[in-house]
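Here are my notes on the model, point by point. Please read them with the structure open.

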Amino acid sequence: MLKMAELTTLESLLEMGFDRNRAERAVANTENQGIEQAMDWLMEHENDPNIDEPFVPPADNALGGTAVVPPSSEMGDLDPGEEIECEDIINPDGTKRPMTEEEKREQVKRLEELMRIKQAERREREKAEEIEREKTRRKQGQELQQIRQKIQDDDMKKLADQRRKEKMEDKLARQRVKDKIARDREERAQKFGGGASSSQPSPTWPTGQGPPPTKREYDESRIQIRMLDGTTITTSFKAQEPLAAVRVYVQMNGNTPEGEDFSLLSPYPRHQYTELDMEKPLKELGLVPSAVLVVTKK
């Protein structure tokens with residue numbers, strides 16, 4: 001069987017339709033090691049930004065010369081790595097002759113088929129790599145979503161626990177105030193509740209005149225409270241309850257901002273009640289049987 005020489009690497013690339021500038025760059029960068037290496041380089045660097053810039057080969061780089069035969073059974077009977085002279089065919093008697101056009105076309109055809117195979121392998125490899133990258137992105141996205149959901153669930157749980165705790169503390173505080181008011185009322189009832197009335201003879205009055213009107217004793221006081229926004233609330237207290245009971249009632253039933261302190265005053269006659277007044281009974285402060293109090297900011 002005849003042994004067929006290869007075209008030079010540069011000539012093979014040009015025959016396959018590659019741009020001369022790209023072909024020369026590929027041959028130079030692969031140090032003229034063969035067509036397969038040059039094709040690999042072109043496929044790997046086809047998107048380089050400088051691929052089409054004018055190429056100036058180094059002074060010691062020969063773009064022509066011999067080419068290394070690729071290690072493929074489809075390339076003929078030449079041994080892998082064997083170097084032969086360009087465009088020569090070795091006859092049985094050892095003489096050389098130039099490669100015919102038909103032999104050149106056959107050689108180019110085999111190289112183009114090799115390039116198509118390599119391009120297909122490259123596309124399959126890139127496709128598999130893209131699938132793996134997509135799987136990794138999806139997995140990372142799912143893990144990130146799970147982490148975000150867990151953080152959100154933990155924050156919602158903490159917020160719900162905090163609100164329950166605040167409601168319980170508020171409920172207990174209100175209950176303590178109610179219990180204190182009840183105890184204070186019971187103590188005042190025991191202290192000021194009843195006493196034996198002394199029996200005295202009824203005074204006599206001149207004929208034709210009735211007894212002078214007696215002053216009525218009231219044991220309750222009806223208080224109207226005007227809030228900061230102009231609304232009013234009205235309720236009744238025992239005459240012996242301290243003014244502090246009115247303030248606690250405003251705190252629990254009024255619309256004053258939580259935590260904001262306030263004062264009470266009587267408009268007619270105008271009088272600002274102090275902390276000392278808070279312990280005095282309503283009767284002693286002249287707020288029986290009825291009164292109007294105004295809530296003011298401190």
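Predicted model: local features only at pLDDT ≥ 70, side-chain atom pairs only at ≥ 80, totals over all residues.

1. Five residues separate the strands in the hairpin of S6 and S7, and glycine 230 there has a positive phi near 95°. S7 covers residues 232-238 and pairs with S6 in the antiparallel sense over seven bridges. Across this pairing, isoleucine 223 is opposite threonine 235 in S7.

2. S6 also pairs with S10, here in the parallel sense and over five bridges. Arginine 222 has serine 290 of S10 as its bridge partner.

3. Glutamate 220 forms a salt bridge with lysine 238, with 3.8 Å between the closest N and O atoms. This pair joins strand S6 to strand S7 across 18 residues of sequence. Both partners are partly exposed, glutamate 220 at a relative accessible area of 39% and lysine 238 at 44%.

4. Which residues have the most contacts inside the largest nonpolar core? They are Leu243, Val246, Leu264, Tyr273, Leu287 and Leu293, in a core of 21 residues. Strand S6 (220-226), helix H5 (243-253), strand S8 (262-267) and strand S10 (290-297) each give two or more residues to this core. H5 gives the most, with five residues. Leaving aside residues up to four places away in sequence, valine 246 touches Ile225, Phe237, Leu264, Leu282 and Leu293. Another core, of 16 residues, lies apart from this one and includes Ile35, Ala38, Met39 and Ile51.

5. Helix H3 (residues 35-44) is largely enclosed by the rest of the structure, because seven of its ten residues are buried. The buried residues of H3 are Ile35, Glu36, Ala38, Met39, Trp41, Leu42 and Met43.

6. The count of aromatic pairs comes to one. The ring centres of phenylalanine 237 and tyrosine 249 are 5.9 Å apart and the planes are at 90°, so this is an edge-to-face pair. Phenylalanine 237 is in strand S7 and tyrosine 249 in helix H5, so the pair ties together parts twelve residues apart in sequence. Phenylalanine 237 is buried, at a relative accessible area of 4%, while tyrosine 249 is partly exposed at 24%.

7. There are 24 salt bridges by count. One of them joins arginine 188 and glutamate 241 (3.7 Å, N to O). Arginine 188 is in helix H4 (residues 101-192) and glutamate 241 in the loop between S7 and H5, so the pair ties together parts 53 residues apart in sequence. Both ends are buried: arginine 188 has a relative accessibility of 14%, and glutamate 241 has a relative accessible area of 2%.

8. Arginine 20 and glutamate 24 also form a salt bridge (3.5 Å, N to O). Both are in helix H2 (residues 20-29), four residues apart, which is about one turn of the helix. Arginine 20 is partly exposed at 45% relative accessible area, but glutamate 24 is buried at 15%. Elsewhere, a network of salt bridges links Glu130, Arg133, Glu134, Arg137 and Arg138.

9. For the chain as a whole, there are five helices and ten strands. Of its 298 residues, 28% are buried. The accessible surface is about 21100 Å², and carbon and sulfur atoms account for 49% of that area.

How values were computed
Residues numbered from 1 in each chain as written. Heavy atoms only, no water. Core = buried A, V, L, I, M, F, W, Y, C linked by side-chain atoms within 4.5 Å. Buried < 20%, exposed > 50% of the residue type's maximum accessible area, 1.4 Å probe, protein only. Contact = heavy atoms within 4.5 Å. Pairing = 2+ DSSP bridges. Phe/Tyr/Trp six-rings, centres within 6.5 Å; stacked < 30°, edge-to-face > 60°. Areas by Shrake-Rupley, 256 points an atom, 1.4 Å probe, with all protein chains shown as cover. Salt bridge = Lys/Arg side-chain N within 4 Å of Asp/Glu carboxyl O.
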